[in-house]
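Here is a walk through one model, taken a piece at a time. Keep the sequence and the 3D view side by side as you read.

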Amino acid sequence: MPGSVPFLHRLRRSPSAGRRVRRAGLVLGCVAALDGLCWLAAQRVMDRALDGWTTRLARQGWSVQAGPRARGGSPLTARITLRSPRLHGPIGRRSAAWGADGLAISVSWLHPGTLRVGLIGTQALRLSGPDRAGLLALRGRGQDADITLPLALRPDAPGGQAAWSARRLDVRVLDPAGHETGFRLDGVQGHGLWNDQAGPDASRLALAVTADRVDLPLNWPLIGSMPPTLPDPRRLHDAGVEVAFPGPTPGDPSAHMLLQDAHATWSTLSLHLVGHATLPPTGGPDGTFTLSLTGIGTTIHALEQSGTVPRDLARAVTALDRWAAETGADGPAGPSPATPVLSDRRLDLPLRLRAGGVFLGTLPISSIADDLP
């Protein structure tokens, strides 16, 4: 046949090849139909979850504006995008207002048991007391920031768990005095669980958050004036917090907090904090903590080179390390990377909270607000 394509010519003459093509087309059609049915089923699941959460929040006194829903996705994912969602309601003795540019809620065939909530654009949270004197505002924007929930979690379930991650978070904090402070967090990961029916021996709420790096605000006087002799003083590395709130104790109106771990590395100094606190309905919190510091000697010597700390302090640290080496306090072989000099070893300091004040042992060093949630 003049002008015909050889492949199509052979295909028309080969019944087996035609059958294979028809079978392939049938398989593709079935896959497309199955994907469409799964997409519709996932959309219904997400609709029920959104409606259930909205109803539960409304019963708890929250005003909910979910915003318009836009549906979409890909061949392997079903997605609902909420534009300009808003929440307003009570958190303890404070009122909270949250809003966002958008949220993308999705279910993927690759992770069929997980509901993923992606954060779109700017997220804003405002906490204020009854007289608005304790105003605190947070504004953040994330890159690849999302929250994952088990798909089987019911909106009215008394307990559940979640996980979150972000490649980068830019957070700005506005305090009651109107001062704005900015942080940048890289490599954020975390998880949490809650159980509304937990007793005093279990966690009503537990959270854990880690960050590979935290850029500190340059408008902090201490950070902005750090000398070049101190390595990388404008950020924290390997920072993390793990905290739990046990369930209520019968007859005790106070809330309790267990700080299981808080750690970070700042320049040549490593910090670690553990402890517990009681949050009474009125007045400031009471608690006991242990602050552990490692690398004090190296940090003091770096600051001394720029005149930030008195030379007498650096000389005293040097004398202490020399004394430890001469008397054998560093061991028979002297200091080594495994056994640093005495001034760089771990130092444990007792911190106490009493009626809104912070004490180092019995020495008052600071105060904190008593208008807590």
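## Charged pairs and their neighbours

Let's start with Asp144, which is exposed, at a relative accessible area of 55% (buried means under 20%, exposed over 50%, partly exposed in between, with a 1.4 Å probe and protein chains only). Keep in mind that this is a predicted model, where local features need pLDDT of at least 70, side-chain atom pairs count only at pLDDT 80 or more, and totals for chains, interfaces and linings use all residues. Residues are numbered from 1 along each chain as its sequence is written, and side-chain values use heavy atoms, with hydrogens and water left out.

Asp144 has a partner: its side chain meets that of Arg167 in a salt bridge, 3.0 Å from N to O (a side-chain nitrogen of Lys or Arg within 4 Å of a carboxyl oxygen of Asp or Glu). Arg167 sits in strand β9 (residues 159-174) and Asp144 in the loop between β7 (136-143) and β8 (146-150), so the pair ties together parts that are 23 residues apart in sequence. Helices (H or I, at least four residues) and strands (E, at least two) are DSSP runs, numbered from the N terminus. Arg167 itself is partly exposed, at 49%.

The structure holds 17 salt bridges in total. Another one joins Arg69 and Asp47, at 2.8 Å from N to O. Here Arg69 belongs to strand β2 (residues 69-74) and Asp47 to helix α2 (residues 15-59), so parts that are 22 residues apart in sequence get tied together. Asp47 counts as buried, at 15% relative accessibility, while Arg69 is partly exposed at 32%. Asp47 also forms a salt bridge with Arg71, the closest N and O atoms being 3.0 Å apart.

Now for some strands. β10 (residues 180-195) and β11 (residues 203-215) pair in the antiparallel sense over 10 bridges (strands pair if DSSP finds at least two bridges between them). His191 has Ala208 of β11 as its bridge partner. On to β12 (residues 235-246): 11 bridges join this strand to β11, and the two run antiparallel. Val209 is bridged to Val241 in β12.

Last stop, Thr288, which is found in strand β15 (residues 286-294). Is Thr288 buried, exposed or partly exposed, and what is its relative accessible area? Thr288 is partly exposed, at 33%. Thr288 and His276 are 12 residues apart in sequence and 5.8 Å apart in space, C-alpha to C-alpha.
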